Amino acid sequence: MKALDELTFDNRFARLGDAFSTHVLPEPIAAPRLVVASPAAMALLDLDPAEAETPVFAELFGGHKLWAEAEPRAMVYSGHQFGSYNPQLGDGRGLLLGEVYNQAGEHWDLHLKGAGQTPYSRMGDGRAVLRSSIREFLASEALHALNIPTTRALCVIGSDTPVWREKQERAAMVLRLAPSHVRFGHFEFFYYTKRPEQQKELGDHVLAMHFPHCLEQPEPYLAMFREIVERNAELIAKWQAYGFCHGVMNTDNMSILGITFDFGPFAFLDDFDAHFICNHSDDQGRYSFSNQVPIGQWNLSALAQALTPFISVEALRETLGLYLPLFQAHYLDLMRRRLGLTTAEDDDQKLLEHLLQLMQNSGVDYSLFFRRLGDESPELAVARLRDDFVDIKGFDAWGALYIARVAREGVVEQEQRRKRMHAVNPLYILRNYLAQKAIDAAESGDYAEVRHLHAVLSNPFEEQPGMESYAERPPEWGKHLEISCSS
Ligand code: AMP
Ligand code: MG
C-alpha cells in the first residue's frame, strides 16, 4: 500500500510532444474537500484507502498541489458530434496529469476533469459542476461493478468556486483513471488536418502501448482496428443487455480501448423502452437506446475513414462487417444468461424479442424483471410477474414458451438456478432518481448519501440487508427526470 507521495510516474503520452498535447497547469478550486472516493479505484494505484481522508488528497485532486513528476497536458483531438465533423475539440476542461504505474506493472492515466481552461476550451469555462462530477463518479464505478468496461473514477472533490450553468452552481473535479485517453477523435484530428507523419506517430504509440500483440501480425494497423471493432461490439452488447444509455456517442467520446468513456446525460433504463432518449438536447433521438447499436458502427466507420492512410479500404470494409454479427452474438449470449438459459436454441432471439416487446408495451421495469425471474422456479416467477403486464394474455403466452424452453434444458435445482441468474442480474442499478437524491444532498453539503449509494452500487448482484429501498422501482417523480447536456 502506498501513500500519495509514493506514486511512480511514467508519462508516455506527454513525451509524444507538443503536436499531441499542450502543457497546462490545473487551476485550483476554492476550499477543496473530499466528496467521495473509491477504495477499489485507489487500489488500482496501490493507494492506501486511508489517504483519501488526508488534506493533501483534496489539495492534489482539487488542483492546489502537483507531484513533481506529473506533467499535466491538455490533449488535442476532434470528432463527429451528432453526425457533423467538428475540427476544434480537445481537452477543454480536463488535464492528463500523468501516467502512474502500479506494482502489477499496469499504467493508469490520471485525468483531472474540471481543472480549468486550456487552449481547447473554446467558449467554455474549463469547469465541471458538482452534479455532473458525482454522476460520472457513480456511473464509472457502477458500470465496473456490473462487469462493463469503463473508465474508472478515483474521487470527486467539491469546492466553493461558483460556476454558471442554467443557474449558479459549484465547481468540482473528478479524477478519472483509464489505461488510455485516446479517442476515435484523436485519429480523426490528424487525418483531417492532413498530418500523416504525426498520425503515424500516434498510431505507433497506441499500438506499442495498448495493442502490442498486434505488432506480431502481418498488418498491425489492421489487426488493431479489428480489435477496436471487436471491443466496441462487445461493449455495446453489454450496454444493451444492461439497459445503459450513453447519451452522447460522439466520436470524441469513443475510446480506442472499447471502454465506456465521457459520461454526460447517461441513464440506466427504468421501464424498458427501446426508443428511450436520455439526452434532453438530442431532439432527433440520434443516440436513443436502440440506436446505440447502429451508431456504434457509424462511429467505427468514422474511425475507419481516418485510418485509410494505413489500411486498404477493402480491408477496412470487411473488418467493419464484423461489428454487427459480433454484437449480435455477445448480446444474445448475455441475454440468454439473463434469462437463465445455459444452452442455445435457434428461436432464442425470437423468444427474447417477444419478451422485450411485451415489456415495452407495458412499461415493465427492465432490471427488476430479470432479477425476479430468477427468484423462483420458472413457473412461480412467471405467475408472479404476469401482474406487471397490461397484456396479461400476451405475457401468459410468452410465459408458456419460456417455461417449456427452460424445461428442455433438463432439471435444475432452483437454488442453483437462482444463484446463477442473480450473478448476472443486478438488484441495484444507478437509477437517475437515486443519483438525483444523492446530488441534492451533496449540493447542500451532505455527502453521506453519495458515499452510501456508491457503496451499494459497488456490489450490485448481492442482496444487502437494509438496502431494500435502493432496489425498488422509481417513484413517479423519479421516472422522467430531464438530464440536460450542461455539465
Ligand atoms: P463533452 O460533451 O463533455 O464530451 O465535451 C465536448 C467538448 O467540449 C470537449 O472538447 C470538452 O473538453 C469541451 N467542454 C465541455 N464543457 C466544457 C467547459 N465547461 N469548458 C471548456 N470546455 C468544455
Ligand atoms: Mg467528451
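User: Let's start with Asp-348 and Arg-336. What do their side chains meet in?
Analyst: They meet in a salt bridge, with N to O at 2.5 Å. Keep in mind that this is a predicted model.

User: Where do Asp-348 and Arg-336 lie?
Analyst: Asp-348 is in helix α10 (residues 348–362) and Arg-336 is in helix α9 (residues 323–338). They are 12 residues apart in sequence, so the pair ties those parts together.

User: Is Asp-348 buried or exposed?
Analyst: Asp-348 counts as buried, because its relative accessibility is 3% and buried means under 20%.

User: And Arg-336, buried or exposed?
Analyst: Arg-336 counts as buried too, at 15% relative accessibility.

User: OK, zooming out. How many salt bridges does the structure hold?
Analyst: The structure holds 34 salt bridges. One of them joins Arg-33 and Asp-160, where the closest N and O atoms are 2.8 Å apart.

User: Which parts of the chain does that pair link?
Analyst: Distant ones: Arg-33 sits in strand β2 (residues 33–37) and Asp-160 in strand β9 (residues 152–164), 127 residues apart.

User: How accessible are Arg-33 and Asp-160?
Analyst: Arg-33 has 29% relative accessibility, so it counts as partly exposed. Asp-160 is partly exposed as well, with a relative accessible area of 37%.

User: New topic, the magnesium ion (ligand 2). Which protein donors does it have?
Analyst: Asn-253 gives OD1 and Asp-262 gives OD, and these donors lie 1.9 to 2.2 Å from the ion. Both Asn-253 and Asp-262 are buried.

User: Why does Asp-262 count as buried?
Analyst: Because its relative accessibility is 12%, and the cut-off for buried is under 20%.

User: Which side chain meets Asp-262 in a salt bridge at 3.5 Å?
Analyst: That's Lys-113, with the 3.5 Å taken from N to O. The two come from distant parts of the chain, 149 residues apart: Lys-113 is in strand β7 (residues 107–113), while Asp-262 is in the loop between β11 (244–245) and β12 (267–268).

User: How accessible is Lys-113?
Analyst: Lys-113 has a relative accessible area of 10%, so it is buried.

User: Which residues are linked with Lys-113 and Asp-262 in a network of salt bridges?
Analyst: The network also has Asp-91, Glu-136, Arg-176 and Arg-183 in it.

User: How far is the C-alpha atom of Leu-89 from that of Ser-121?
Analyst: Those two C-alpha atoms are separated by 8.0 Å, and the residues are 32 apart along the chain.

User: What about Arg-195, where is that found?
Analyst: Arg-195 is found in the loop between α4 (184–192) and α5 (196–210). Arg-195 is partly exposed, at 32% relative accessible area.

User: Last one: which residues form the negative surface patch?
Analyst: Asp-375, Glu-463, Glu-468 and Glu-472 form it. Of these, Glu-468 lies in the segment after α16 (448–457).

Definitions and conventions
Residues numbered from 1 in each chain as written. Chains lettered and ligands numbered in written order. Predicted model: local features only at pLDDT ≥ 70, side-chain atom pairs only at ≥ 80, totals over all residues. Heavy atoms only, no water. Patch = residues over 30% accessible without salt bridge, like charges linked within 9 Å, V, L, I, M, F, W, Y side chains within 5 Å. Areas by Shrake-Rupley, 256 points an atom, 1.4 Å probe, with all protein chains shown as cover. Salt bridge = Lys/Arg side-chain N within 4 Å of Asp/Glu carboxyl O. Lys, Arg positive; Asp, Glu negative; His and termini not counted. Charge placed at Lys NZ, Arg CZ, Asp CG, Glu CD. Helix = DSSP H or I, 4+ residues; strand = E, 2+ residues; numbered from the N terminus. Donors = N, O, S within 2.8 Å, 3.2 Å for Na, K, Ca; no water. Buried < 20%, exposed > 50% of the residue type's maximum accessible area, 1.4 Å probe, protein only.
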